[in-house]
Amino acid sequence: MVIDIHGHYTTEPPAMHAFRDKQLAGLLDPLRRPAAAALSISDETLIESVQPQLEFQRQRGSDLTLFSPRAAGMAHHVGSEATSREWTALSNDMIHRVCTLLPDNFAPVGQLPQFPGTSPKNCIAELRRIVEQLGFVGVNLNPDPSGGMWTDPPIIDRHWYPLYEALCELDVPAMIHVSSSCNPNFHATGAHYINADTTAFMQLIQGDLFKDFPTLRFIIPHGGGAVPYHWGRYRGLAQNMGRPTLGEHLLNNVFFDTCVYHLPGMELLAKVIPARNVLFGSEMVGAVRGIDPCTGHHYDDTKRYIDQIGSLSDEERHLIFEGNARRVYPRLDRLLATRGA
């Protein structure tokens, strides 16, 4: 089985965007603020909206995608905490509907109603709702809800602990994933995303988070940002700080996906990061949608790169494509087990 752990709903029906526009317009004129009940989208429209993902699954040989709201669309820095809470619930409900309509193709991952300067404990009610009531198997956690300004404490700070306690209790992992950038210095997908991946890893080196939360699990997407390329730097920094080796300090709790869009980068990831810490992901219909003229294939067809890495054993390929996902996302494993998978 091939499980893609990194998929976003980037092909939402136009009605979703129209509702969001009205919601944000209502920040200036409350009379224009739409009621949540005003968002009406048929099942047929939802199924039609994900045909690009279904076609890529067929073409590329993947079986199941962990599906979450559009990352840039989370926009936690926009509006107010109440705005984020309403938009998050609507977005998660739409993910739930898609995954219920197409359970063989998608499993649900949610966003959290974060807002700059507010306690992450305010996200716990929505976390419990989507996991306990709707069957979500994971969440995306934004380490920078300010949208590129980094005004909240580092992810190792006790500011985040109430949310971590809930994640451990519910036994769900979090993908460390920022949203859109309002800082013109940082292109959202080309700079802000990669900066955040790298920053989160460095913060984790600096702290002892997993001593307090030994069962907490994070996935750092986009191949870990700069981490695999600068693995020696991080090993050296950890050594200078008197930290244990990276394997002992972080790799029981931190994992990386394969959203790396060329073969040399994927080969480096596979060489530097142990196979037990790598999960297949493509972010298909995501940040990079074009065809690579050097290969004639889509940049985000990441399975093709993994298939070309001759140094991987069959056991390691199984871990990357399926085994690690089922271990890191235990609620996904239980969900698949009930289906006989």
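Q: Is H230 buried, partly exposed or exposed?
A: H230 is partly exposed, because its relative accessible area is 30%. Here buried means under 20% relative accessible area and exposed means over 50%, with partly exposed in between (1.4 Å probe, protein chains only).

Q: Before we continue, what kind of model is this, and how are residues numbered?
A: This is a predicted model, in which local features need pLDDT of at least 70 and side-chain atom pairs count only at pLDDT 80 or more, while totals for chains, interfaces and linings use all residues. Residues are numbered from 1 along each chain as its sequence is written, and side-chain values use heavy atoms, with hydrogens and water left out.

Q: Where is H230 found?
A: H230 lies in the loop between β6 (218-220) and α10 (231-240). Helices (H or I, at least four residues) and strands (E, at least two) are DSSP runs, numbered from the N terminus.

Q: And what separates the C-alpha atoms of H230 and L31?
A: A distance of 52 Å separates them, and the two residues are 199 residues apart along the chain.

Q: Overall picture now: how many helices and strands?
A: The protein has 15 helices and ten strands. Its C-alpha atoms fill a box of roughly 60 × 45 × 40 Å along the principal axes.

Q: What share of the residues counts as buried?
A: Of the 341 residues, 55% count as buried. Among contacts (heavy atoms within 4.5 Å) between residues at least 6 apart in sequence, 77% join residues at least 24 apart.

Q: Turning to α3, which of its residues are buried?
A: In helix α3 (residues 51-60), the buried residues are Q53, L54, F56, Q57 and R60. They lie on the same side of α3, because they cover an arc of only 160 degrees around the axis. That arc is the one of the directions from the helix axis to the C-beta atoms. On the other side of α3, R58 and Q59 are exposed.

Q: What do the buried residues of α3 pack against?
A: Their partners are β1 (3-9), α2 (43-49), β2 (64-69), β3 (106-110), β10 (297-298) and α13 (302-307). Just after α3, G61 takes a positive phi of about 85 degrees.

Q: What about α15: which residues are buried there?
A: The buried residues of α15 (residues 330-338) are P330, L332 and L336. Their arc is only 155 degrees around the axis, which puts them on the same side of α15. The cover over these buried residues includes β1, β2, β3 and α14 (314-328). After α15 comes G340, with a positive phi near 80 degrees.

Q: Which residue other than glycine has a positive phi near 40 degrees?
A: That is A75, located in the loop between α4 (71-74) and α5 (81-101). A75 is buried, because its relative accessible area is 9%. Most residues other than glycine have a negative phi.

Q: And W150, buried or partly exposed?
A: W150 counts as partly exposed, because its relative accessibility is 28%. W150 is not a glycine either, yet has a positive phi of about 55 degrees, and sits in the loop between β4 (138-141) and α7 (161-170).
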